[in-house]
Amino acid sequence: MTALDGIRVLDFTRVLAGPYCTVVLGDLGAEIIKIENPQGGDDTRGFNISPTLDFSTYFLAVNRNKKSVAIDIRTQEGGDAIRAMAANADVVVENYRSGVMDRYGIGYEDLSAINPQLIFASISAYGRDGPLKDRPGYDPIVQAESGFMSLTGDPDGEPMRTGVSIADMFTGMFAGQAILAAIIAREKIGKGQRIDVPLFDTAVNMLHHASNAFLIDEVVMGRYGNSNALAQPVGLFTASDGPIMVTMTNNRLYKTFCEDCLERPELVEDPRFSDNAKRVENRGKLAEVLNAVFMKETRAHWIDKMASFGIPAGEVRNVGEALSSDDVAARGLVVDQAHPRFGRVTGIRSPMTLTETPVRDPVGAPDLGVDTDEVLRGVAGYTDEQIAAVKSSNG
């Protein structure tokens, strides 16, 4: 048994934030019915086409454990089918532009009138109310506008967005948490509710300590690259064969590091480095001193030695090196997923481990519309003739 056995989700999302939300729910055992435009489906079906599979590796990454139903929501037949399915669903997740679902009679008011127990979650750039609700936006835009991008990059370089669309992914996780909370609340209040989780709100929330620095002390934090404005030594240092990442956030670790690992006890008493505030102030000089020591040995030497004294450090890997590492293998993070067309595809497992209600065994992302007949018959209660009418209306 999985944690979300019996929970049915109608998934009207595309690209990343919404699909990331529903892939987490699917991992936990919910039935995810992905409603896609018959003309091409989710935009990401065209991203990163694999020469090995002739299929999108992007789409595979966030659409496992889902069924695909091809329905044109703009048609009367399509709208009727959605309403019939919503009567037997627990959750709707959508990330259309504001007003689109309402325009076709499948918005929150429409569907909750049919099924008062329904939880209706909207994911958008700027929310479902307010002056920006109709404005289009994507992860890079909200990273820029929220201030998040101003904190990322080299101190003397330009603001930089993250290498993956982290505002999208955090928004998906917040939306998933809100949906789980609403499922629990439904048992207490006896009805579903509407959920609104925008990318912009999420990105502002992710400012973390930088937001409080400004709100309380009017300090505008800047970029520190791989270093850190709050603790030292933190950052990239250079061993004889390449960079290593080192992170120490308190005086106790720094003392152990200098005395036992580096065998340089004088660095503890050095007035420039004697406490964290001074190390932060003199981070450039500290890096110069430490690099001179690190250059005398290899990365493996230093990482092993630091680990023996409880000092956090690691080598800098590219994606291929990380996924091929002994660490990933030991955690069983790369898994084979069953796939109805390819037999097996390789992917990354869910990071969640639950002892009593484990995540489900992954099934690879579906072909467009492959589950249309099954879902319309089993969820909407449609006859063969009604199914044929819906498919005919798809064009």
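Asn 48 is partly exposed, with a relative accessible area of 48%. I started there because this value lies between the 20% and 50% cut-offs. Asn 48 sits in the loop that links strand S2 (31–36) to helix H2 (57–62). Its phi is near 45 degrees, which is positive in a residue other than glycine. I keep in mind that this is a predicted model.

Next I looked up Val 15, which also is not a glycine and has a positive phi of about 70 degrees. I found Val 15 in the loop between strand S1 (8–12) and helix H1 (17–27). Is Val 15 buried or exposed? Val 15 is buried, at a relative accessible area of 17%.

Then I checked the peptide bonds. The one from Gln 232 to Pro 233 is cis, and its omega is near 5 degrees. Pro 233 belongs to the loop between H9 and strand S7 (234–239).

Helix H9 covers residues 209–217 and holds Phe 214. I noted Phe 214 as partly exposed, at 44% relative accessibility. Together with Leu 215, Ile 216 and Val 220, Phe 214 makes a nonpolar surface patch of about 480 Å².

Last, I stepped back to the whole chain. I counted 18 helices and 11 strands, and the C-alpha trace spans about 85 × 50 × 40 Å along its principal axes. Of the 395 residues, 45% count as buried. Among contacts between residues at least 6 apart in sequence, 67% join residues at least 24 apart. I also looked at charge: the mean positions of the 39 positive and 54 negative charges are 1 Å apart.

Key:
Residues numbered from 1 in each chain as written. Predicted model: local features only at pLDDT ≥ 70, side-chain atom pairs only at ≥ 80, totals over all residues. Heavy atoms only, no water. Helix = DSSP H or I, 4+ residues; strand = E, 2+ residues; numbered from the N terminus. Buried < 20%, exposed > 50% of the residue type's maximum accessible area, 1.4 Å probe, protein only. Contact = heavy atoms within 4.5 Å. Lys, Arg positive; Asp, Glu negative; His and termini not counted. Charge placed at Lys NZ, Arg CZ, Asp CG, Glu CD. Patch = residues over 30% accessible without salt bridge, like charges linked within 9 Å, V, L, I, M, F, W, Y side chains within 5 Å. Areas by Shrake-Rupley, 256 points an atom, 1.4 Å probe, with all protein chains shown as cover. Salt bridge = Lys/Arg side-chain N within 4 Å of Asp/Glu carboxyl O.
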